[in-house]
Amino acid sequence: MTDLELANSVLKDVKNQQRTSAAKTIQALLDKNADLKENWGAITRLAISIGEFQLAVLCSKKYLAISPKEAKRIIQCAAILAECREIEAAIELVNPLLQEKNTPDVLHFLGTTHSQIGNIELAKKYLVELVKVAPKSAISWLTLAAIHQFSENDELYTQITAVQQQLEHDKSAHNAPFWFALGKAELDVKNEQQAFDYFSRGCRLMHNDKSYIPKQHSQFIDDIISHQNAEYLATLPSLEQAESCPPIFIIGLPRSGTTLLQQMLSAHSAIGQGGELKYLSYSTAEIGQAKLNKLADNEPSDNLAVFKKIHADYQHLRAQQFSLDKPMVDKTLSLNHHLGLIAKVFPSAAIIRITRNPADNAWSCFRNFFNQGLGWSYDLENIAEFFHHENRLAKHWQSLLGERVLEISYEDLINQPEATLTKCLSHIGLTFEESMLTFYKNNALVQTASVGQVRKPINKASMNTNLSVQTRLTAFNERLQKLENA
């Protein structure tokens with residue numbers, strides 16, 4: 001096969017969920033130093049899409065080598081490094097452009113990456129400079145708003161409200177992040193009702209009837225619950241490998257405190273970093289949810305082989321970004337869909353579920369612009385649907401797995417952090433350390449909507465936040481109550 005034919009076969013494999021084959025072909029293209037020219041960019045993205053981060057970095061270097069001084073290409077390759085959690089290398093790659101080409105894209109990249117590793121003041125410096133020269137940069141305002149506390153006498157507050165007048169009649173979804181940033185600014189100055197209006201505007205720009213279909217979600221959850229029952233779990237073998245540092249899995253709705261809990265746990269000397277890692281999704285992609293639901297129909301020996309493959313793939317992906325000599329924290333949003341599998345593939349792994357006051361949780365989701373593009377989060381009734389169905393599944397797992405899943409609340413974590421963390425650590429097999437209460441001093445990588453919040457001490461103001469907009473959340477509350485009473 002020619003180099004281009006091999007490259008096309010990678011695309012075909014990725015589309016067909018053949019991750020292992022795609023990874024082997026990408027490695028082969030690298031080994032033979034294939035002459036792919038600009039196509040190395042596409043291969044880089046394909047490597048990312050299957051979780052092969054080391055291969056993605058190597059492919060991006062091939063792409064950069066085509067024109068190593070081209071600013072746009074440098075930023076593209078640095079973005080790949082950042083996505084692969086190599087933030088310091090990404091910043092080092094882009095820094096020289098500050099002298100050569102101090103443009104908005106350079107400033108935005110450096111502002112964003114520095115915010116992710118806790119260099120908040122430096123991040124602000126770049127982003128403030130950016131919004132001065134490019135005041136309509138919606139995504140940059142969003143990044144800045146996440147790490148800045150606005151006040152009425154604040155120059156940035158004056159600036160962002162002035163930009164609002166310029167974008168008043170613009171209905172482009174491209175500007176949606178700006179309205180979330182402006183909503184955050186109004187929340188900071190206690191204009192809650194005005195803030196809600198701005199968040200609503202951003203949500204309307206993003207909302208699409210096809211981006212989240214409650215009936216499909218409900219059926220998806222129903223299929224898992226009906227197939228993966230007590231009999232199903234009893235039929236499956238357990239992978240009893242000797243594993244000294246299994247992952248720590250955190251289950252919870254978006255904005256329920258999963259990032260805060262992860263950062264607090266990772267401040268323990270015996271626990272590594274973590275995040276929304278998607279390793280399990282990559283590791284099970286070749287099997288698919290439909291087959292996972294019917295594993296009980298297979299011979300135990302066949303399932304044992306499947307579990308070994310999933311475990312090996314997960315560990316391979318994990319080893320690219322974390323040391324294997326410490327347990328790391330996996331808080332990927334889709335973990336709730338695979339808890340039965342996790343119980344079998346990682347029989348010694350700790351599982352912690354965190355819950356939060358539903359109205360506070362919903363209000364937090366509604367006012368955050370998620371990088372992952374969570375389609376359900378832009379409509380209050382859809383938020384209720386999503387919460388209800390995910391909670392149905394979580395309760396199903398709790399009934400099956402019992403004490404294997406430790407349940408804590410966000411409110412307890414805020415009100416009684418030491419006692420709640422001690423309970424979590426007992427579940428993991430460790431003891432409490434004072435450093436966990438100063439987690440915000442840790443410059444560990446954070447790439448979620450909580451990037452600004454986890455750099456601050458615990459704040460009880462994050463509780464009962466829904467009360468100031470309670471009447472505006474009626475659609476959520478009524479829909480959730482109707483679903484739960486059905």
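1. Start with the exposed side of helix H14. Lys-215 and Gln-216 are exposed there. Keep in mind that this is a predicted model.

2. Which residues of H14 are buried? They are His-217, Ser-218, Ile-221 and Ile-224. Seen down the helix axis, the buried residues fall within an arc of 125 degrees, so they line one face of H14. An α-helix has 3.6 residues a turn, so residues three or four places apart point the same way.

3. What covers that buried face? The cover includes helix H18 (289-293) and helix H22 (380-401).

4. Next, look at helices H12 (residues 176-188) and H13 (residues 192-206). Their axes come within 8 Å and cross at roughly 165 degrees. Angles over 145 degrees count as roughly antiparallel, so H12 is roughly antiparallel to H13. The crossing of these two helices is left-handed.

5. On the H12 side, the residues include Trp-179, Phe-180, Leu-182 and Leu-187. On the H13 side, they include Tyr-198, Phe-199, Leu-205 and Met-206. Glycine takes part too: Gly-183 is in H12 and Gly-202 is in H13.

6. Compare helices H1 (residues 3-15) and H3 (residues 39-49). They pack at about 30 degrees, with axes 10 Å apart. Angles under 35 degrees count as roughly parallel, and H1 and H3 are therefore roughly parallel to each other. H1 passes H3 in a left-handed crossing. H1 brings Leu-4, Ala-7, Val-10, Leu-11 and Val-14 to the contact. H3 brings Asn-39, Ile-43, Leu-46 and Ser-49.

7. Most residues other than glycine have a negative phi. Lys-278 is not a glycine, yet its phi is positive, about 60 degrees. Where is Lys-278 found? This lysine sits in the loop between strand S2 (274-275) and helix H17 (279-284). Its relative accessibility is 44%, so Lys-278 counts as partly exposed.

8. Asn-464 is the other case. Asn-464 also has a positive phi of about 60 degrees without being a glycine. The loop that holds Asn-464 runs between helix H24 (417-428) and helix H25 (474-485). At 47% relative accessibility, Asn-464 counts as partly exposed.

Terms used: Residues are numbered from 1 along each chain as its sequence is written. This is a predicted model: local features need pLDDT of at least 70, side-chain atom pairs count only at pLDDT 80 or more; totals for chains, interfaces and linings use all residues. Side-chain values use heavy atoms; hydrogens and water are left out. Buried means under 20% relative accessible area, exposed over 50%, partly exposed in between (1.4 Å probe, protein chains only). Helices (H or I, at least four residues) and strands (E, at least two) are DSSP runs, numbered from the N terminus. The arc is that of the directions from the helix axis to the C-beta atoms. Contact means heavy atoms within 4.5 Å. Axes are lines fitted to C-alpha atoms, for helices over the stretch in contact, and angles run from 0 to 180 degrees between N-to-C directions. Angles under 35 degrees count as roughly parallel, over 145 as roughly antiparallel, 65 to 115 as roughly perpendicular and the rest as oblique. A crossing is left-handed if the near helix is turned anticlockwise from the far one by less than a right angle, and right-handed if clockwise.
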